[in-house]
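Here's a quick briefing to read alongside the model. Take a look at the structure first, then work through the points below.

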Amino acid sequence: MTWRDQLRRSIRTLEQLEAVVELTDDEREAVRTLGSRFRLGITPYYASLMGGPDCPVRRQAIPTLAEAVLVPGETSDPLAEDAHVVAPGLTRRYPDRALLFVSPTCAVYCRHCTRRRKVGDPREAVGSYGPALAWLAAHPEVDDVLLSGGDPLTLADDALDRLLAALRSLPHPVTIRIGTRHPVTLPMRITEGLCAVLARHGPVRVMTHFNHPREATPEAAEALRRLVASGCPVHNQTVLLAGVNDDAPTLLALNRWLRHLGATPYRLFTCDLVEGTSHFRTTLDRALAIERELRRASGLAAPELVVDLPDGGGKVRVVEGERLPDRWRFTTPEGRVVDLDAQGVPV
Ligand SMILES: *Cc1c(COP(=O)(O)O)cnc(C)c1O
Ligand code: SF4
């Protein structure tokens, strides 16, 4: 199946899901009742990787009733991205880099998604990148542009080609990165045509989001090989998810696979405080213990554990936090003190 066929035949309803997976009562009820909160969407390819109810692929893509639980501290926009919009689709939270929301569409809607408030909603599509490009042209201090979404590789090759060309035509040179989960959820998207576009405007850095060795399939390996062969440095960002990948041997196996293919495990993120994700969060202590074990491996396979501080505080390495008897204390680059409890919830 081509990538477009995969998207056309994407699983979006309870009936379609029941046809390929034997659901638990909890999952069935969750699909029925939580649909309005965050849409369901799973490619046939990603569904084919699913095993029993505890399967890590299944837990990332099929909701459970735990998603209905909202705990204090969780919000719809935990990183305060909407407060940092400088032009339509463009978010600037750091002095030197900005994020461009390129497409609201994803191949699979991850249950832990930080941007679920807008992802999957066609009304969130940005009509024109003109104002964002004009803003970038006027801000040479911003020289690192992260294309994100949604999934930027949902764009057709020619649309992506035009956008990359426009970024390369800015008056100042920029680092271009594409944040995409397609190598994980829709690896057939990494076609020769796409690779030619990426190579033409290279180097285009590709930030992938592999979370578990179960996603390390021959198809995904081929996608990574093609990206690397096209001159794309590939970096992987994993989200640490309880019950999915919160143990060191699992992540070590994933990271070694990535390293063998030329991809660098870049970051291990704690799960953001987005609504309905408390079942995915581990304690910061546990996260640090896992990071410590991962960092005993080759430096090329040792990601940094990072927490994206609530309320737009920004990304900081957890090791930089101060472990007080009853809390964690972080200081943002602007000097703001952020205190978090054991689970990373503000106190
Ligand atoms: C994460 C992020 C970036 C990129 O930050 P790095 O730490 O360099 O990976 C840029 N802009 C926004 C808004 C982000 O959330
Ligand atoms: S691919 Fe990324 S943006 Fe899309 S649903 Fe998953 S986490 Fe969210």
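In which loop is Ala 80 found? Ala 80 sits in the loop between α5 (56-61) and β1 (85-87), where helices (H or I, at least four residues) and strands (E, at least two) are DSSP runs numbered from the N terminus. One thing to keep in mind is that this is a predicted model, where local features need pLDDT of at least 70, side-chain atom pairs count only at pLDDT 80 or more, and totals for chains, interfaces and linings use all residues. Residues are numbered from 1 along each chain as its sequence is written, chains are lettered from A and ligands numbered from 1 in the order in which they are written, and side-chain values use heavy atoms, with hydrogens and water left out.

- Most residues other than glycine have a negative phi, and most peptide bonds are trans.
- Ala 80 has a positive phi, near 50°, and is not a glycine.
- Gly 149 to Gly 150 is a cis peptide bond with omega near 15°, and Gly 150 lies in the loop between β4 (144-149) and α7.
- Another cis bond runs from Gly 202 to Pro 203, with omega near 0°; Pro 203 belongs to the loop between α9 and β6 (204-208).

**Helix packing**

- Axes here are lines fitted to C-alpha atoms, for helices over the stretch in contact, and angles run from 0 to 180 degrees between N-to-C directions.
- Helix α7 (residues 157-168) packs against helix α9 (residues 192-200) at about 5°, with the axes 10 Å apart.
- That angle makes α7 roughly parallel to α9 (angles under 35 degrees count as roughly parallel, over 145 as roughly antiparallel, 65 to 115 as roughly perpendicular and the rest as oblique).
- On the α7 side, Asp 157, Leu 160, Asp 161 and Leu 164 meet Gly 193, Leu 194, Val 197, Leu 198 and Arg 200 of α9, contact meaning heavy atoms within 4.5 Å.
- The axes of α11 (residues 248-260) and α12 (residues 284-294) come within 9 Å and cross at roughly 45°, so α11 and α12 are oblique to each other.
- Ala 248, Leu 251, Leu 252 and Asn 255 of α11 touch Ile 290, Glu 293 and Leu 294 of α12.

**Around ligand 1**

- Arg 93 places a polar side-chain atom 2.6 Å from a ligand 1 oxygen atom.
- For Arg 177, a side-chain N or O atom is 2.7 Å from an oxygen atom of ligand 1.
- Lys 315 has a polar side-chain atom 3.0 Å from an oxygen atom of ligand 1.

Technical notes: A polar contact is a pair of N or O atoms within 3.5 Å; within protein, one must be able to donate a hydrogen and the other to accept it, and residues adjacent in sequence count only if both atoms are side-chain atoms.
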